[in-house]
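Here is a short report on one protein and its ligand. Take a look at the model, then follow the text from part to part.

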Amino acid sequence: VNIAQLLKAKGRAVTTARPNAKMLDIIATLAAKRIGAIVIVGEKGELAGIISERDVILALAKSDNGIFNDTVSEHMTRDVVTCQESTTIDEMMELMTQGRFRHVPVIEDGALVGIISIGDVVKNHIAEVEMEVTAMRGYFATG
Ligand code: AMP
């Protein structure tokens, strides 16, 4: 199974914001959409960074005066690890485990075409394991 198949099931919608967006709006969007991260894009839609709920917590812990009026560019991660549609689920699990992040934007020909969260990966993994168990039970039963 690769990312293209996963995107077919979950859709290609990606919530994005610009680097000059205020943290107040970023937090409101995270809450309203019940998502864990927003991809930050430049003028031409190019990837500029990612902001996740973890960054919000870190920023709050460091701040004396609050973060609502800061721009997201002050708190986002700029060095974003991305994947392609051809990336496999196993590779994705490795990326997320090694990098200790739970979101990976999907880039195809320089364009943002989706985002995979750890929840999407786990959901797929459980479905695969269940299918294997069912197949094995059948195999042993008819053995
Ligand atoms: P998360 O686990 O996604 O909430 O993110 C944990 C930390 O990793 C935060 O500082 C994020 O900005 C950062 N992060 C999230 N996704 C990525 C990614 N794909 N590449 C690099 N950093 C990321």
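Start with Arg100, which is exposed, because its relative accessible area of 74% is over the 50% cut-off. Arg100 sits in the loop between helix H4 (89-99) and S4. Its phi is near 55°, a positive value in a residue other than glycine. Keep in mind that this is a predicted model.

Arg34 is exposed, with a relative accessible area of 77%.

**The whole chain**

Now step back. The protein has 5 helices and 5 strands. Read from the N terminus, the elements follow the order α-β-α-β-β-α-α-β-β-α. Along the principal axes, the C-alpha atoms fill a box of roughly 70 × 35 × 25 Å. The protein has 143 residues, and 33% of them count as buried. It exposes about 9,200 Å², with carbon and sulfur atoms supplying 53% of that area. Consider the contacts between residues at least 6 apart in sequence: 56% of these join residues at least 24 apart.

**The open sheet**

In which order do the strands of the open sheet stand? The order is S1-S2-S3, and the pairing is mixed. Strand S1 (16-17) and S3 are at the edges and have a single partner strand each, so one side of each lacks a neighbour in the sheet.

Look at S2 (residues 37-41) and S3 (residues 47-52). These strands pair in the antiparallel sense, over 5 bridges. Ala37 has Ser52 in S3 as its bridge partner. Ile40 stands opposite Gly49 in S3. S2 and S3 form a hairpin with 5 residues between them. In its turn, Gly45 has a positive phi of about 80°.

Helix H2 (residues 23-33) lies across S1, S2 and S3. H2 runs at about 135° to S2.

Strand S4 (residues 103-108) is largely enclosed by the rest of the structure, because 5 of its 6 residues are buried. S4 runs antiparallel to strand S5 (residues 111-117), and 6 bridges join the two. Val106 has Gly114 in S5 as its bridge partner. How many residues lie between the strands in the hairpin of S4 and S5? There are 2 residues between them, and Asp109 in this hairpin takes a positive phi near 50°.

**The ligand**

Around the ligand there are 14 residues. Ser52, Asp55, Thr77, Arg102 and His103 come nearest.

| Residue | Distance from a polar side-chain atom to a ligand oxygen atom |
|---|---|
| His103 | 2.6 Å |
| Arg102 | 2.7 Å |

How much of the ligand does the protein bury? Taken alone, the ligand exposes 480 Å², and the protein buries 91% of that.

Key
Residues numbered from 1 in each chain as written. Heavy atoms only, no water. Pairing = 2+ DSSP bridges. Helix = DSSP H or I, 4+ residues; strand = E, 2+ residues; numbered from the N terminus. Contact = heavy atoms within 4.5 Å. Axes fitted to C-alpha atoms, helices over the stretch in contact; angles between N-to-C directions. Near = heavy atom within 4 Å. Polar contact = N/O pair within 3.5 Å; in protein donor to acceptor, adjacent residues only side chain to side chain. Areas by Shrake-Rupley, 256 points an atom, 1.4 Å probe, with all protein chains shown as cover. Buried < 20%, exposed > 50% of the residue type's maximum accessible area, 1.4 Å probe, protein only.
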